[in-house]
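Here are my notes on the model, as numbered points. Have the sequence and the coordinates open while you read.

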Amino acid sequence: MNNRPRIYLDHAATSWPKSDAVTKAMVEFMQECGAAAGRGGYASAAVADRLITQTRRQIASLVSAESSDAITFHSNGTSALNAAIHGVLRAGDHVVTCAAEHNSVLRPLRYLEQHSSVQLTVVPVDADGRVDAQQMLDAIDNDTRMVALTHASNVTGAVQPVKEIASAIHDRATLFLCDAAQTFGILPVSVEGIDLLAAPGHKASGGPLGTAFLYVDPSIEDQVTPFIQGGTGSQSESMEMPTGMPSKLEPGNLNVPALAGWSAALREIVDTGMDSRQQRGKELAERMNESLSEIDGLSLYGHPDELPIASVTVEGLSPIDLAAILDAEFRIETRAGMHCAAAIHACLGSEAEGTLRISAGIESTESELDAVAEAFRSITATMKI
């Protein structure tokens, strides 16, 4: 390993480092409590219960949900999205989504298309990775049960017209599912006009891996069927799953130590202020766009403006080789490939090998982004020799 400082720029995969408050909360819970939530009447179990309730309320407040019972916890964003998709869709339903979606949305939808006669329309995106709202709306028909749209692309960082589409379909029978994986914790996220909202806790909100939530609008909770069944710590005398929220979507033990850490991270979001976090993300995005767009031999996909996420390629190098060079020679950690979002690359023109993605977090610095740009200049100069 060379003597350069480590520069971590894969925050779109997971944020790092976690704050001291997060790791402290997790360790303290495991050392001083350690009880399962909803599984006992003794004092330490009550502590675990209160922690779960507290974390629900924190998330409900951040997304402007009227009831914390509408917030259900899951092991990751993929599980939360699957709970929504498999929980709502039935044979013959039609779904409209877009090419910017993560495989956490596209794969379960494709599975239902192949196995449950669900009809699927995937609307293309532009060269920045952004979908046209009117194209999404034009794809809706009388059989459309769900519109599924990511809040922002994990490949280009393009923020999608969620509010516009939510407003347009609000009075229809169509449900709106939003994947806020890349935005929860760095951009304002609200459930207004949204029936189902999912996000993991380990990305921009700063929590640990193993955490995620799904919001289910109370008006549709009876329409969501749990696709995993098991113990919930309540109504144990019955062989049927509870019908009330949040228990109906939370079989099995919750990851209480991780939720303790997430709760600490959520407190930091409130203390910092969402406006401040949003502004910091925008500053980093602008610095990233400015520094990368002027490098000869480097192609930038999209134009980072609100989120510090960028995808690039270098002529003559595969993204995988480019990532390996950045890691080995410059200690810059990025991600190469399709980023679990294969459909978008046909729209970007990067379907052959994908892209190299640089993604910063609000704790990233301008000097780190400048170091990336300088590394690219060095690499592209070498390619010209």
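1. Helices (H or I, at least four residues) and strands (E, at least two) are DSSP runs, numbered from the N terminus. With that in hand, H202 sits in the loop between strand 7 (196–200) and strand 8 (212–216). Two things about the set-up: residues are numbered from 1 along each chain as its sequence is written, and side-chain values use heavy atoms, with hydrogens and water left out. This is a predicted model, where local features need pLDDT of at least 70 and side-chain atom pairs count only at pLDDT 80 or more, while totals for chains, interfaces and linings use all residues.

2. Is H202 buried or exposed? It counts as buried, at 10% relative accessibility (buried means under 20% relative accessible area, exposed over 50%, partly exposed in between; 1.4 Å probe, protein chains only). The H202 side chain makes a polar contact with the side chain of T14, at 2.9 Å. A polar contact here is a pair of N or O atoms within 3.5 Å; within protein, one must be able to donate a hydrogen and the other to accept it, and residues adjacent in sequence count only if both atoms are side-chain atoms. Setting aside residues up to four places away in sequence, H202 touches A13, T14, S15, K18, G207, P208, L209 and T211 (contact means heavy atoms within 4.5 Å).

3. Now the largest pocket, which holds about 610 Å³ of space. Of its 35 lining residues, H11, S15, G361, I362 and E363 are the closest to the centre. Strand 1 (7–8), helix 7 (256–272) and helix 8 (274–292) are the elements giving two or more residues to that lining, and helix 7 gives the most, with four. For the terms: on a 1 Å grid over the protein atoms alone, a cavity is a set of points where a 1.4 Å probe fits but cannot get out, and a pocket is an open set with protein on both sides within 12 Å along at least five of seven lines; lining residues have an atom within 4 Å of a point. Grid points are joined across faces, edges and corners, and a volume is the space filled by probe spheres set on the points.

4. By class, the pocket lining has 16 nonpolar, eleven polar and eight charged residues. Ala, Val, Leu, Ile, Met, Phe, Trp, Tyr, Cys and Pro count as nonpolar, Asp, Glu, Lys and Arg as charged, and the others, Gly among them, as polar.

5. How many cavities of 30 Å³ or more turn up in the whole structure? The search finds one. The largest cavity holds about 30 Å³ and is lined by M288, S291, L292, I358, L369 and V372. Helix 8 gives the most to this lining, with three residues. The cavity lining has five nonpolar, one polar and no charged residues.

6. Helix 6 (residues 162–169) has V162, I165, A166 and I169 as its buried residues. Seen down the axis, these fall within an arc of 100°, so they line one face of the helix (the arc is that of the directions from the helix axis to the C-beta atoms). K163 and S167 are the exposed residues on the face turned away from the buried side. The cover over the buried residues of helix 6 includes helix 5 (133–138), strand 5 (144–150) and strand 6 (175–179).

7. Last, T183, in the loop between strand 6 and strand 7. T183 is buried, with a relative accessible area of 0%. Beyond neighbours within four places in sequence, T183 is in contact with H151, A152, V189 and L307.
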